[in-house]
Amino acid sequence: MIVTVKLFGMLKTQLHNESELKVPLDQGCRVDDLIAAIRLMNADVGDLLLKRKILVSVNHEVAHGETELTGTDEIALLPPFSGGSCTPGEMLAHVYR
Amino acid sequence: MSTVDTEATLVRVQREDFSIDEEINRVRNRSTRIGGIATFLGTARDRSNDRDVSRITFEYYEGMAQKKLREIRERALQDFDVIEVLILHRYGEIDIGENIVLIVVGAMHRADAFKACKWCIDELKQITPIWKCEQTPDGELWVEQHP
């Protein structure tokens, strides 16, 4: 199956202003498998996913690694929200354009 | 009460500016038991992280953002002794000084209204998928944290 992954904020900028990714996955795959597949497509984004700096949402809820995916799920990568972290040292990379 | 407001009008993400008076009245008109209304209004400032900011653009995740704001309203109504909660956030390009976000909480007593209002804006900033991009002299900058 091919899942469509929505992109927002700095991620969209980092990934050449694309608003979504198409990721081929086997049936029965989980969020961890999606992260591994994205890591092969873009190592930087994959590493941020592994560190949970970027979260994965499935059907409008933040998902865990073991969450199983289907072809009809609405999936998104969520960079840190504008009010998320209060510690400057925890800030993700700035993206200028 | 003269106004029949549904959850859809009490929780909104919208591009256009809003009238603070109208939104306060929306809450005020929900009950004659309300004796205190606390508000939080977030506005666009021209300085952030030691940089000048000339404009801010907000992006949000359609569907999930509204869902999280509805959850915040429901939890505030459940966990605090308040009568009504309104949460409104703008998206798109916002000029310096303009309104961004409004929380209005009506309660019988002010202490409960203040507490719930603070909790709502803090929670909004933690769990709502909204992203802020600031226009600075160095270019556009996505912001990941608010002090």
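User: What makes strand β6 (residues 84-90) of chain B and β8(B) count as a pair?

Analyst: DSSP finds 6 bridges between β6(B) and β8(B), in the antiparallel sense. Two strands pair if DSSP finds at least two bridges between them, so β6(B) and β8(B) qualify. One such bridge links Val85(B) to Val105(B) in β8(B). Bear in mind that this is a predicted model: local features need pLDDT of at least 70 and side-chain atom pairs count only at pLDDT 80 or more, while totals for chains, interfaces and linings use all residues. Residues are numbered from 1 along each chain as its sequence is written, and chains are lettered from A and ligands numbered from 1 in the order in which they are written.

User: Which other strand pairs with β8(B), and over how many bridges?

Analyst: That's β2 (residues 36-43) of chain B, antiparallel to β8(B) over 8 bridges. Gly36(B), for example, has Ala107(B) as its bridge partner in β8(B).

User: Why is β8(B) called largely enclosed?

Analyst: Residues are buried if 20 or more other C-beta atoms lie within 10 Å of their own, exposed if 12 or fewer, and partly exposed in between, with C-beta atoms placed from the backbone. In β8(B), 8 of the 9 residues are buried, so the rest of the structure largely encloses the strand.

User: What makes Ala116(B) buried?

Analyst: Ala116(B) has 23 C-beta neighbours inside 10 Å, so it counts as buried. Ala116(B) sits in helix α4 (residues 110-127) of chain B. Leaving out residues up to four places away in sequence, Ala116(B) touches Ala76(B), Phe80(B), Val82(B), Val85(B), Val105(B) and Ala107(B). Contact here asks for C-beta atoms, placed from the backbone, within 7 Å.

User: Where does Ala116(B) stand in the largest nonpolar core?

Analyst: A nonpolar core is a set of buried Ala, Val, Leu, Ile, Met, Phe, Trp, Tyr and Cys residues joined through C-beta atoms within 7 Å. The largest one has 65 residues, and Ala116(B) is listed with Val82(B), Ile87(B), Val105(B) and Cys120(B) as touching the most other members. β8 (residues 99-107) of chain B gives the most to this core, with 7 residues. As for Cys120(B), its contacts beyond four places in sequence are Ile72(B), Ala76(B), Val85(B), Ile87(B), Ile103(B) and Val105(B).

User: What makes β7 and β10 the edge strands of their sheet in chain B?

Analyst: The sheet is open, with 4 strands in the order β7-β5-β9-β10 and antiparallel pairing. β7 (92-95) and β10 (139-143) of chain B each pair on one side only. From one strand to the next, the twist averages 25°. β5 (residues 55-60) of chain B is joined to β7(B) by 4 bridges, and Phe58(B) has Gly92(B) as its bridge partner in β7(B).

User: Over to chain A. How many helices and strands does chain A have?

Analyst: Chain A has 3 helices and 5 strands, in the pattern β-α-β-α-α-β-β-β along the sequence. Those are DSSP runs numbered from the N terminus: helices are H or I with at least four residues, strands are E with at least two.

User: How do you know that the buried residues of α3(A) line one face?

Analyst: The buried residues of α3 (residues 43-50) of chain A are Val45(A), Leu48(A) and Leu49(A). Down the axis of α3(A), they fall within an arc of 100°, so they line one face of the helix. On the other side of α3(A), Ala43(A) and Asp44(A) are exposed. Among the elements covering the buried residues are α1 (9-14), α2 (31-41) and β3 of chain A.

User: Which stretch of chain A has pLDDT under 50?

Analyst: Residues 84-94 of chain A. pLDDT is the predictor's confidence in each residue, from 0 to 100. Chain A averages 85, and 85% of its residues score at least 70. Where pLDDT is low, the predicted coordinates should not be read in detail.

Key: Two residues are in contact if their C-beta atoms, placed from the backbone, lie within 7 Å. The arc is that of the directions from the helix axis to the C-beta atoms. Axes are lines fitted to C-alpha atoms, for helices over the stretch in contact, and angles run from 0 to 180 degrees between N-to-C directions.
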